[in-house]
Amino acid sequence: MLKLRNISKSFPGVQALKNVSLEFNIGQVHALCGENGAGKSTLMHIIAGSILPDSGEILWNNRSVSIRDVQQARQLGIAIVYQERTLADSLTVAENIFQANPPRNKIGLIDYQSLHANARQMLDELGLQAIPSTRSVDTLSPAAKQMVEIARALVQEHSLLILDEPTASLTTAETNSLFSIIRKLAKKGTAIIYISHRMAELAAISDIISVLKDGEYQGSFDAKQTATEIILTKMVGRQLLNYKYETHIQKETALEVKKLTGKYFHDISFKLNKGEILGIAGLEGSGRTSLARAIFGDEEIISGHVLKNEHLFKARHPADAIAAGIAYLPEERKGSGLFSTMDIASNIIVTGLNGLWYDKAENNVLAETYRKQLDIKTNSVTTIVQQLSGGNQQKVVIAKWLHTHPDVLIINEPTHGVDIGAKTAIYEILKYLTGTGISILLISSDMPELLLLSDRVMVMYNGEARSILKRSQMTEETITAIATGI
């Protein structure tokens with residue numbers, strides 16, 4: 001269906017793609033992987049018409065074409081779901097799904113009855129019965145927004161569907177629902193390009209895996225027959241060391257929650273020891289994020305108590321939590337964790353500003369210590385954050401909160417949308433921090449991540465803490481069963 005021949009693209013100082021040739025066929029799920037900066041997104045933007053290649057040829061159904069803009073790509077039948085969300089927050093779910101082609105009545109006005117009926121049908125097919133089509137998008141969780149993005153792409157007439165990190169915000173159940181949709185589309189003849197950093201997903205959903213590294217094509221492999229280690233080696237140019245579980249848990253209690261109740265959770269109790277990583281698992285809507293925000297003072301606590309270092313503590317505002325040594329890294333780093341158009345130094349030191357004095361040179365020196373400590377890959381702390389890869393952006397968020405000198409770190413989806421190399425680096429940072437005595441509450445939808453890092457896992461369902469599993473009890477099957485209410 002789609003053939004790319006010797007596609008090249010450069011930006012100032014960067015050769016993003018160099019003579020890349022690939023084929024994408026009818027009814028095939030074709031995965032594309034590589035580290036951040038490998039050229040995947042640039043290639044997808046070229047196919048989707050938002051970037052023009054410098055050289056090379058694109059063939060659509062064996063006919064040479066020049067995809068000059070997004071509209072032309074849509075006319076050919078190419079639909080894309082970008083990793084960065086493009087929804088209009090002020091519109092409803094239905095209005096976003098049919099933003100490009102809403103149903104209209106005889107006089108040309110939007111037929112809202114049909115609009116919501118059609119949206120409801122699409123949401124039901126995606127297993128999103130709990131999301132009203134009339135709900136404003138700005139009230140949705142990141143995972144729900146991602147599913148609305150996918151729904152919007154699916155209503156277009158398409159022969160080729162591009163999914164860029166579609167499960168980065170999704171739980172296991174939501175991912176399974178999406179995979180079911182993908183398989184149905186493939187059976188009907190849709191060609192699918194699937195981009196993901198999650199290697200287990202690639203083997204589960206794709207037929208072919210192609211690898212890019214530093215803008216160059218490294219080869220294509222049978223997804224069912226090729227070992228993950230071979231794919232990883234092609235991606236990073238070296239063998240990755242297997243990251244192994246280790247613990248720094250101590251006897252002292254750093255944080256204790258007693259019968260805590262908020263708007264979206266109730267009667268939660270647990271202890272977090274010094275140097276411990278307590279994982280928090282659960283489906284979308286289980287109350288995980290709401291619990292974290294309440295401890296951090298960003299949501300109301302209706303009843304119950306929080307003890308910090310065995311002393312009663314209540315955060316009425318995030319500033320109270322920060323002053324007490326609690327930090328929170330949100331799941332959406334770009335929307336809630338970073339000032340993307342500012343430099344690294346400004347992002348790191350912002351949590352320590354007192355409003356009285358700002359010494360740029362001194363702050364740059366301070367930020368440089370964090371850059372080196374966390375191995376943020378750039379030559380200078382004056383680099384604008386949006387120019388960094390996803391993994392390095394996440395390191396900047398970690399540095400920002402380390403600047404508050406916390407002893408309890410709440411981190412939500414720490415490796416959302418980062419590549420395997422950056423993921424390993426972040427794991428090493430988290431374990432280093434626990435080795436210094438910092439305690440971590442780890443919220444993650446990535447099951448292997450929870451199993452690898454956590455000393456214990458608390459599983460939430462419908463706002464309740466259904467179980468706290470010891471290391472010996474932690475399996476993917478057990479956690480999934482509890483998280484789904486079985």
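Student: Which strands does helix H17 lie across?
Tutor: Helix H17 (residues 476-483) lies across strand E13 (277-282), E19 and E20. H17 runs at about 30 degrees to E19. Helices (H or I, at least four residues) and strands (E, at least two) are DSSP runs, numbered from the N terminus. Contact means heavy atoms within 4.5 Å. Axes are lines fitted to C-alpha atoms, for helices over the stretch in contact, and angles run from 0 to 180 degrees between N-to-C directions.

Student: Where do the coordinates come from?
Tutor: This is a predicted model, where local features need pLDDT of at least 70, side-chain atom pairs count only at pLDDT 80 or more, and totals for chains, interfaces and linings use all residues. Residues are numbered from 1 along each chain as its sequence is written, and side-chain values use heavy atoms, with hydrogens and water left out.

Student: Back to the strands. In what order do the six strands of the open sheet run?
Tutor: The order is E16-E17-E18-E13-E19-E20, with mixed pairing. Two strands pair if DSSP finds at least two bridges between them.

Student: And which are the edge strands?
Tutor: Strand E16 (326-329) and strand E20 (464-469), each pairing on one side only. On average, neighbouring strands of this sheet are turned by 20 degrees against each other, direction ignored.

Student: How many bridges join E19 and E20?
Tutor: Five, in the antiparallel sense, with E19 covering residues 456-461. Met460 stands opposite Ala465 in E20.

Student: Now the four strands. What's their order in the sheet?
Tutor: E2-E1-E4-E5, an open sheet with antiparallel pairing. Strand E2 (14-24) and strand E5 (63-65) stand at the edges with a single partner strand each, so one side of each has no neighbour in the sheet. The twist averages 30 degrees from one strand to the next.

Student: What stands opposite Lys3?
Tutor: Leu59 in E4. Strand E1 (residues 2-11) and strand E4 (residues 55-60) pair over five antiparallel bridges.

Student: Which helix lies across E1, E2 and E4?
Tutor: Helix H1 (residues 40-48), running at about 120 degrees to E1.

Student: Switching to helix pairs. At what angle do H5 and H6 cross?
Tutor: Roughly 10 degrees, and the axes of H5 (residues 142-154) and H6 (residues 172-187) come within 12 Å. H5 and H6 are therefore roughly parallel to each other (angles under 35 degrees count as roughly parallel).

Student: Which residues of H5 and H6 meet?
Tutor: Ala143, Met147, Ile150 and Leu154 in H5 meet Glu174, Leu178, Ile181 and Leu185 in H6.

Note on methods
Parallel < 35°, antiparallel > 145°, perpendicular 65-115°, else oblique.
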